Structure formats: C-alpha cells, structure tokens
Amino acid sequence: MGEIEDGEADHITTDVQGQKCALVCECTAPESVSGKDNLPFLNSVLKNPVCKLYRFPTSDNKWMRIREQMSESILSFHIPKELISLHIKEDLCRNQEIKELGELSPHWDNLRKNVLTHCDQMVNMYQDILTELSKETGSSFKSSSSKGEKTLEFVPINLHLQRMQVHSPHLKDALYDVITVGAPAAHFQGFKNGGLRKLLHRFETERRNTGYQFIYYSPENTAKAKEVLSNINQLQPLIATHADLLLNSASQHSPDSLKNSLKMLSEKTELFVHAFKDQLVRSALLALYTARPGGILKKPPSPKSSTEESSPQDQPPVMRGQDSIPHHSDYDEEEWDRVWANVGKSLNCIIAMVDKLIERDGGSEGSGGNNDGEKEPSLTDAIPSHPREDWYEQLYPLILTLKDCMGEVVNRAKQSLTFVLLQELAYSLPQCLMLTLRRDIVFSQALAGLVCGFIIKLQTSLYDPGFLQQLHTVGLIVQYEGLLSTYSDEIGMLEDMAVGISDLKKVAFKIIEAKSNDVLPVITGRREHYVVEVKLPARMFESLPLQIKEGQLLHVYPVLFNVGINEQQTLAERFGDVSLQESINQENFELLQEYYKIFMEKMPPDYISHFQEQNDLKALLENLLQNIQSKKRKNVEIMWLAATICRKLNGIRFTCCKSAKDRTSMSVTLEQCSILRDEHQLHKDFFIRALDCMRSRQTQGALNESDDPETGCLTDNKPTSRHFYPVALLLVSSHLLVVWLILSLALLLAKYQ
C-alpha cells in the first residue's frame, strides 16, 4: 500500500484492459463517519493519512464511490515506551524484594547474588532502550529495513490503518478497517533456535525433567505467586488509606461517614485475607524456612499431629522434579494460620466497636424522647458509656492492631512468594532472562497493534448500542490473519507471533474520561495482567453505557489463523512440515468457537434473534472447521472465512506478514474487492479490473525500492532496471544472467553520474 507526498493531489485515470476506472488521488484528513466530534480523538492516534477515491460500476450499472485511506499510528512508539517503563518498575520492585528476603544459607545466598547481578543488567538494558526510543522523532512507524535494530526491537513493523469507506447508490454506507502490521517477532534475537513457542516448551521441559538443586514450581504456581504479590502491593496501601478514613470519620463523629468508611475497609480487608487462601503460600513458607541458615522446622506438638514423623530439616532441599514443592503434610500450618487469621479477627473487633459506638450514640440521642422499653439487652449494655469525644480513642488501638497484623502477614507472604520467583530465575539464569526479554519484545509489538485497533474500533462504533453492549457483556474478538510460511526463519517468526498474540489474553481495557487534551492511552499492571486505560473526551465519554463509565474492564479474545502463500510455503508443503500451521489454526478455531458460544449465551435474546437473521455464523464456523481439517495446500478459504466471521461479530481485523508490505497489500486489496463484490454489488466483470486498479503502480506506488512508502518519497514513472528482464528468462542461461548483471551495473553507474 503506497504513499503520496503530503500536499500532492492529482487526478489519474487508470486504463485496465481497455476499460477505464475513474480514480482521484488526494491527501486529506481522515473522515469520521460518526461525526466531527470524534476527529480530535482520532487524530491524536492516527497520523499522515493518504487517501484515494475510486469509482466502480455496480451490477445494476450504477456507480459506487470508494474512499481508501492509509494512516500511520503514533502508538507504534507510544505503547512500547509505556510498556518498557512498566517492565522497569516491575523488575526494580522484584529485585528489591529479592534483596529483602533476609538471611539465607550460603547456597541460596550465592544464587541470590547471581540472580540480582543478571537482573540488574537486564533493567539497565531496558532503561537504555527506553532512552533511545525517547530520542526517536520524525517517522511514526518502524520501517521493515529497521526490523533488525536493537533499539527498535519493541516497536511493531509498519503499523498502519487500512480503511475503505463505501458509498453505495442503494445500500447503506459502510466502513471496513484492517490493521496491517509486521508479524510480532524478535528479529534482532534471530530464529536460529526457533521462536517462543518452541523455546518456552523446551525450557519448561528441561526444568521439569532435569535434576537440579532448585525447587521446581510449575508456571501456574509462578504466575500465582506473581498475582498474589501484585494483590498484596495493591491492597495493603488501600486498606491503610481506608483505615485512616475510618479514624477521620470517628474524629468528626459522623455515623454515616463512619459506616461508609467501615464498609470500604471491610471489603478491601476481605479481599486481602482471601488472597492468602492458597496452598502455595504455605509451601513457600516452608521452602523459605529450610533455606535459612540452619533452617530446622520446630513444630509444636498438637493434638491432631502428635505422631508426626521426624525428619532432619537442617539439610539442603532435596533435588526433586515436580514433587519438590513441600507438601501439606510436611508443614505445620498453625503459626501461619494464626497470623493470617489475626487480620480477620482484628477487622471483626473494629466492626463490633463501630456498631457499639453508633448504637450507643443513637440510644443516647433517643433516650429523652421515645423509650418504648421493648429493646432486648445487647452486648453494648455491658460496655460503659463513652462520651462522643472518645470515638477516635476507642477505634485507634484497634486500627493499629489491624495494621500490625496485616504488616506481619505481608512481610511473611512477600518473602515466601519472592522465594518462589527466585527459583524460576535461578535455574538456567541467562536463558530464563533472555526468554523473558524475547517475550516482552514480541508482546510489545502485538500490544501496540491491539491498542491501535481497539481505539479505532471504539471510535467508529461509539454510537452503536449493540456494539457497546457486546463490548461490556462479552468482549471483542480480535482476529489476526497470518501470511507467514512454515519454512526457514519464518517458522520462528510464526512461533513468536503465536505466543505474542496468545499473550494478549492478559490485556483488559478500561475507558476513562480525559481530563486534558492528552488522550493517549496509559498502561498499568504487570506482566501477567495489563490494563490499558483509554481516554475519551467528555462528550464521547457521556455517550457510553453506565457499566463502561463505571470502569468495568473490557476483555478481548485474540485468535490467529495462518496460511502461508508464498513460494517458500510451496517448498514447505512439498518437502517440509506444515504441522505448526495446522496446530495453530486448530487451536485458535476452538478459541473462536468458545467466543461464539459465550456471545450466544450472554447477549440478550432480542439482539440474538436480530443478529441471526443477518448472519449465518454457525454455517460459517462449520465451513471454517472443514477447511482447517481438509489440510488443503495454501487454503486461502480459511483466511476469507475467518475474516468474514470476525466482521460479522463486530471484531477487530489484522493482517500480518513478515514486513506488512507485499503479501499484506495483496491480501488487503483482495479482501476489499471481495467485500465490494459480495456486500455492495460490484459488477462481476469489474472484479479483476477493480483489483488491478487498486494494485496498480499509479494508485499503490511502492513497486520499486525508491517508491517504498517506508522511505516517504516518490520518484518519476521511469521503470528501473529490474523491470527490463523477465526473471524466468534469466534462469534459462547463466550467460544471460551475466549479461543482465553487466547491464544493470552500467545503468546504475549512468544513473548516479
């Protein structure tokens, strides 16, 4: 998809097979189908639009007008910078927690020092990359020629919006968006050993099956440890804040404010206590205890465990695989349960005291008026009456006790769960961190495209009640069309892409009202759970449903369908292996089918009945499954069916190849012409002509290197030397190849002289 220099506007008539197709090329601001109010919001995300107008005949010999637009997105650099800053903050916090593990035995202490050395180096690398990205100015996208640059690893390749707006004589005007981007992959890291899918599987298999001097925790347990640590870090300051608000309400003698503050404190404290209802915390406490110098389990005798086996606990941890996590029977839970339960008991004391104070206050106010004498004796009758000035003094010791109990729980839980994370880092240290880096790189590229697609979809469907209801009730399907081959380096790219897109399931969106002119999205969270806050101007924000305005998290369901279409895929199908592509397509079909079931279950019946009249999605899904299972070579029907299902489900469409240029542009133009034919009655005799018109050099540009949109310039219409000689002819004779090389060199010398 080519570009035209800013300010250039001309009229072109393309003669295709003797039939002229009217075409107007222009460069203008993006149109908004939802009104001019959305333009500032959209312009804050998109940049440098290139627009073209076409006119094609319909089946009833009338004319349809097509407006095609390509825009860059400033999110190409903004999202990676946000994400890297988040990673740096998370890693610095983790490193500090590892330092604060306390005294460890020499074996574990040496491991900790080694881990911290490597982790500090990784943080420094992230900081250097962020510094270099902050210096980037000018272009708002990364060209394919820069995909191997280390400082631009986190930036997606050729991220663009491809928009087609159709004005049909009889049908309703329609808008079709496709986000085009290079396949998310770690090009600088290379693909010699494969991509993330293979590397992660190999790494986890070695950790599970190889004997080593570390405690093995499964990826699920490691993820759980990160989740609990994150909950602790979020809830502890919130509980402290609500406790202070409760004391402030007590000092003001406001019963209503006291009740509200107590309600918030109770909710957050219950979430805090619930976070530790996991066997992982108990087993991690035991593992950390045995890692202390001379760690010996001193179990006090108890009635239910009086005949416990005695085992020497002063020895280093046993070298085991999956069974290396201490079991429930190996650990005395009494001490931890007592500390953990003290938080709940402290909260109950606060609740009881607040009830007593409010009840006593209400009784004193009504004692002179209506004494019905029918009240039953309550617990408050046993408490001496306190003046109103004593509310603060009565609650302060209880609040202090709650904070102390909570601090003890947090200290123990943080240390034990940080010890779990230390195990993951300690085994195969360089490889573990390099895998984390690679995954961060791929995810950053995928997330930048997703955020761009979500914002554009939200803008175009902002006033569609059905879409907004689907958004907060079910979530959005995000369909990626992959055109990578399963041959050579592109196998590794596909493996990276599959993991990066799957990781997008960890992302949720939250729409907030913009308080200033800055409407760029903000990312919060951690590696296992991200929240992207999308800012909307006040007028747009007010049009949203109440659930979204109240901050409900909006989820996405990413799916990837890949079909290799180039000559390398031909080699892979004849002499190689296409099982990777087949397994990816099958897995993602199941995800798509799961989304469809959720959609049919959660959406209201009236919407479903109207929806089914318009779309026969069940038949499309069955057809897609048949094509996936048929194992037909280069079955592009898979791509067309998946794209159709995505559009009918109000989803976000992506098209990706290695660099989002040749294969991507061919796929997008074919999809656009197919939509014109199937949805807007394009004349059957003009399908190929419309396709050639959209792909022609004058309309698309970028058929030679000097016209590449990545360079941002156009040259004259003179053909370059590579167009002079058919490649097939050169392959016939080596003599012709030598002649071609000599002539090409002579032409290049003449050109630059």
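Predicted model: local features only at pLDDT ≥ 70, side-chain atom pairs only at ≥ 80, totals over all residues.

Colleague: How many cavities of 30 Å³ or more does a search of the whole structure find?

Modeller: The general idea first: rolling a probe the size of a water molecule over the atoms shows where empty space is left. Here, the search turns up two cavities of 30 Å³ or more. Let's take the second largest cavity, with a volume of about 50 Å³.

Colleague: Which residues line the second largest cavity?

Modeller: Its lining is made up of Asp91, Arg94, Met122, Tyr126, Leu433, Thr436, Leu437 and Arg527. Two or more of the lining residues come from each of α2 (75–99), α3 (106–135) and α10 (429–460). The top contributor is α10, with three residues. Sorted by class, the lining has four nonpolar, one polar and three charged residues.

Colleague: On to single residues. Is His242 buried or exposed?

Modeller: The cut-off for buried is under 20% relative accessible area. His242, in helix α5 (residues 219–251), has 13% relative accessibility, so His242 counts as buried. Setting aside neighbours within four places in sequence, His242 is in contact with Met264, Leu265 and Lys268.

Colleague: And where does Asp503 lie?

Modeller: Asp503 sits in the loop between α12 (489–502) and β8 (507–513). This residue counts as buried because its relative accessibility is 6%. Beyond its neighbours within four places in sequence, Asp503 is in contact with Arg439 and Phe443.

Conventions:
Residues numbered from 1 in each chain as written. Heavy atoms only, no water. Helix = DSSP H or I, 4+ residues; strand = E, 2+ residues; numbered from the N terminus. Buried < 20%, exposed > 50% of the residue type's maximum accessible area, 1.4 Å probe, protein only. Contact = heavy atoms within 4.5 Å. 1 Å grid on protein atoms, 1.4 Å probe; cavity = no way out; pocket = protein on both sides within 12 Å on 5 of 7 lines; lining within 4 Å. Points joined across faces, edges and corners; volume = space filled by probe spheres on them. Nonpolar A, V, L, I, M, F, W, Y, C, P; charged D, E, K, R; others polar.
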